[in-house]
Amino acid sequence: MTASLAGVAVLALHLATPTAAGAAAYGCSGTLVGSWKVPMKDALDGSTYYRSDVKLYYNASTGWNCAALVKRKGARYGEKTPMWLEMYNSRWAEDNWKNNYDEDQGRFKYYAGPVKVYGKNLCVSIRARHGDHTGPGTDYNGRLDLTGVACR
């Protein structure tokens, strides 16, 4: 019995201790450097509510930023809804996409992404769109535009 309790204590300590691997959420590695709520507008009364957040990570050892548009638990969680996420750095231009621009778009149950761009000594910008419906179409009533964030 004592050995079993010791084993449980070691397991509990291991689970409670954060690790670098724990930061590998949504296909991203590194440190969480920002989280922003995506405001959604109710079509009937114009009120604001939230169904998702943009999570931004930075990996200092590689110089890469990584982001995901993550649904909040609650209504529509686990149901496919339209989501779109794009990220670009300050080097991005129409003729310079490699390592500077990434996007993910579709109908997702839990999150869109990951999207990754190089970020060492650069700022990144993020645009997120989220539709709060399960039917066809890409009507996005949730919108977030972040410009010049996570400057490293």
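Aspartate 132 forms a salt bridge with arginine 76 in this predicted model, with 3.4 Å between the closest N and O atoms. A salt bridge here is a side-chain nitrogen of Lys or Arg within 4 Å of a carboxyl oxygen of Asp or Glu. The pair links distant parts of the chain, 56 residues apart. Aspartate 132 sits in the loop between β7 and β8, and arginine 76 in the loop between β3 (64–71) and β4 (81–89). Strands (E, at least two residues) are DSSP runs, numbered from the N terminus. Aspartate 132 is buried, at 14% relative accessible area. Arginine 76 is partly exposed, at 31%. Buried denotes under 20% relative accessible area, exposed over 50%, and partly exposed the range in between (1.4 Å probe, protein chains only).

Aspartate 132 also meets arginine 51 in a salt bridge (3.2 Å, N to O). Arginine 51 lies in strand β2 (residues 48–59), 81 residues from aspartate 132. Its relative accessible area is 22%, hence partly exposed. Shared partners join Arg51, Arg76 and Asp132 into one network.

A further salt bridge pairs aspartate 145 with arginine 129, the closest N and O atoms lying 3.1 Å apart. Aspartate 145 belongs to strand β8 and arginine 129 to strand β7, so the pair ties together parts 16 residues apart in sequence. Arginine 129 is buried, at 9% relative accessible area. Aspartate 145 is partly exposed, at 46%. The whole structure contains five salt bridges.

Residues are numbered from 1 along each chain as its sequence is written, and side-chain values use heavy atoms, without hydrogens and water. Local features need pLDDT of at least 70 and side-chain atom pairs count only at pLDDT 80 or more, whereas totals for chains, interfaces and linings use all residues.

Key: Helix = DSSP H or I, 4+ residues; strand = E, 2+ residues; numbered from the N terminus.
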